[in-house]
Amino acid sequence: MYCTMSLLYVKVLFSALCAVVLAHNKQPNIVLILADDLGWNDVGFHGSNQIPTPNIDALAYNGVVLNRFYVQSTCTPSRSALLTGQYPIRYGFQVMPILHGENRYLPLHLKTLPLHLKQLGYATRLVGKWHLGHSYFNNTPIYRGFDSHFGYWPGAIDYFNHVADGGYGMRRNLLTSWSTQNEYATHLFTRKSQDAIIEHNYKKPLFLMISHLAVHAADENQLLEVPDFAETNKTFGYISDHRRRLFAGMLTELDKSVGSVCNTLKDKGVLDDTIIIFLSDNGAQNTEMGYDNAGSNWPLRGMKATLFEGGVRSPAIMYYSKAKVKSAINSQLMHITDLMPTLYVAAGGNVKDLGTIDGVSQWGAITQGDESSRSSVLLDIDDFHPHSSLIGYRGRYKLINDSVINEFGQDGYYGKDTSPTKNPPYDVDLVLASPTNKAINKRLTKKKILTIRKKLTIQCTHKGTRPKPCDKNGLCLFDLVNDPCETENVAKKYPHIITDLSKQLLSYWKILKPQDKHFTDTKSNPIYYNNTWSTWMEHQ
Ligand SMILES: *[C@@H]1O[C@H](CO)[C@@H](O)[C@H](O)[C@H]1NC(C)=O
Ligand SMILES: *[C@@H]1O[C@H](CO)[C@@H](O)[C@H](O)[C@H]1NC(C)=O
Ligand SMILES: *[C@@H]1O[C@H](CO)[C@@H](O)[C@H](O)[C@H]1NC(C)=O
């Protein structure tokens, strides 16, 4: 009798304890906002006055700015690194984005971030771009770990008609979504994200990945599209470059979307239990090189698809109300492969479950100010047109092997603001009054904002003239701490660093899986599928 009673007592006590522990370790919701082709200099918190981004800036000033956050230089590799925690060279995904109708997909043996989170009890939702293959149904998001997907499988679509290269792209899970055609993509994805937040039952934690089309260029018919041309043209009349002006309109919608999402989280009562991450998949493209888009990485060197800082150093923010560290700049070296282990740890998982990955958990570094365990980042190795790069010495030195990736170079400085009329001054009140800042409501001061912003503004003295390219088959070394703009090759000065970093870089060739040849499979042609981008291998 006595025994039974005490056992019961122990049981009750134990379950009470359990409840306390669980309440304490409540798994946070995760909202990951991924911009497409957004450049270093496109956001206000990095020091540019040209295009106001009050919501993104407010997230930065209230959260932790990840100031040395590296991504892959193009879409597909970056997204695969994010979702697998592994460098793309391990599975042949280096360098090249998947072409329209290319029969290539994220290898099926790779376990994705949403799948790992599902095993920890999360509901997983993807809104927006996929770009990791759709030859077979089992390559698409809902077979790769997402409970639901609303968005498009290929690399980009038109903002209004949602067509790319003759194929309609918008899908709800596996089915084509016709009813949403002509709704401006950024608005549509915002609405779908808000629905996901509102409809969710928070007994389960939510992982929502918002993978925007913005600010990527649309299709050839009209490259840069805004919801209201007259308004954009008026608001940004001070920007002389016509395309940059449209870009500003597109970016404004992306910024508003961040505000709307924060607001909805607040209204739902879950903002304080939610980790919000904001980043870009790669650096901006710029019209100066004949490209479609008008982003800016100034004063950083290079652009999307190069291994210079402009291609791979991304604007990046993490906001979490329960983090010990708040309103801070973290300048430790981080890479997009770190997000999987970081979020897995945040969700209560053990990194050992993740197997062989290249990412390390930065959870302690970001939320508590611990020292990061990452000492180097492999930026990429191109085995087709040999060029490669690695950052070592905890972010200080960067080795580039053969920077001239094609006849255009793209290794200069682009996107300098050349407007004859002045930009408006930085509007701190706009940041304070932004929906994001109001939702967070943490009494940020003007002084604090300006102090953080000043620290984040990269000062370089170059005037934008193209530096001497690194020699063909030659090694370039940059001191990124003293020369973040990569103006001076210091290879001759530090032969021992060259030797050391070369050894590290060459060691990665041992795990590299060569790329396959890239080509469009004609059998994928949308004309066979009611003018949509469909799976096609299924039907062969
Ligand atoms: C756009 O604004 C400029 C003035 O900044 C004006 O000259 C031009 O006519 C406007 N374009 C259109 C199509 O309204
Ligand atoms: C640099 O590239 C050349 C040409 O591909 C190659 O022979 C050399 O081994 C590379 N060196 C390093 C350190 O990557
Ligand atoms: C084919 O496409 C049209 C729009 O072009 C759409 O209205 C129709 O429902 C589609 N048919 C099928 C079977 O999906």
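Predicted model: local features only at pLDDT ≥ 70, side-chain atom pairs only at ≥ 80, totals over all residues.
Close-up 1. For asparagine 233, a polar side-chain atom is placed 2.3 Å from an oxygen atom of ligand 1. For arginine 245, an N or O atom of the side chain lies 3.2 Å from an oxygen atom of ligand 1. On its own, ligand 1 would expose 360 Å², and the protein buries 31% of that area.

**Close-up 2. Helix α5 packed against helix α7.** Here α5 (residues 185-199) meets α7 (residues 242-267) at an angle of about 10°, and the two axes are 10 Å apart. With the cut-off for roughly parallel set at angles under 35 degrees, that makes α5 roughly parallel to α7. From α5, the contact takes in Thr186, His187, Thr190, Ser193, Gln194, Ile197 and Ile198. Facing them from α7 are Glu253, Leu254, Ser257, Ser260, Val261, Thr264 and Leu265. Sorted by type, the residues of this α5 and α7 contact come out as eight polar, five nonpolar and one charged.

**Close-up 3. Helix α2 against helix α7.** Now α7 is seen with another partner, α2 (residues 54-62). The packing angle is about 55°, with the axes 6 Å apart, and α2 and α7 are therefore oblique to each other. On the α2 side, look for Pro54, Asn55, Ile56 and Leu59; on the α7 side, for Asp255, Lys256, Val258, Gly259 and Cys262.

**Close-up 4. A cis peptide bond from alanine 214 to valine 215.** Omega is near 0° for this bond. To find the spot, follow the chain into the loop between β10 (206-211) and α6 (229-235), where valine 215 is located.

**Close-up 5. A cis peptide bond from tryptophan 298 to proline 299.** Omega is near 0° at this bond too. Proline 299 belongs to the loop between β11 (274-280) and α8 (309-312).

**Close-up 6. The backbone at histidine 131.** Histidine 131 isn't a glycine, yet its phi is positive, at about 65°. The residue is part of the loop that runs between β4 (123-129) and β5 (148-152).

Methods: Residues numbered from 1 in each chain as written. Chains lettered and ligands numbered in written order. Heavy atoms only, no water. Axes fitted to C-alpha atoms, helices over the stretch in contact; angles between N-to-C directions. Helix = DSSP H or I, 4+ residues; strand = E, 2+ residues; numbered from the N terminus. Parallel < 35°, antiparallel > 145°, perpendicular 65-115°, else oblique. Contact = heavy atoms within 4.5 Å. Nonpolar A, V, L, I, M, F, W, Y, C, P; charged D, E, K, R; others polar. Polar contact = N/O pair within 3.5 Å; in protein donor to acceptor, adjacent residues only side chain to side chain. Areas by Shrake-Rupley, 256 points an atom, 1.4 Å probe, with all protein chains shown as cover.
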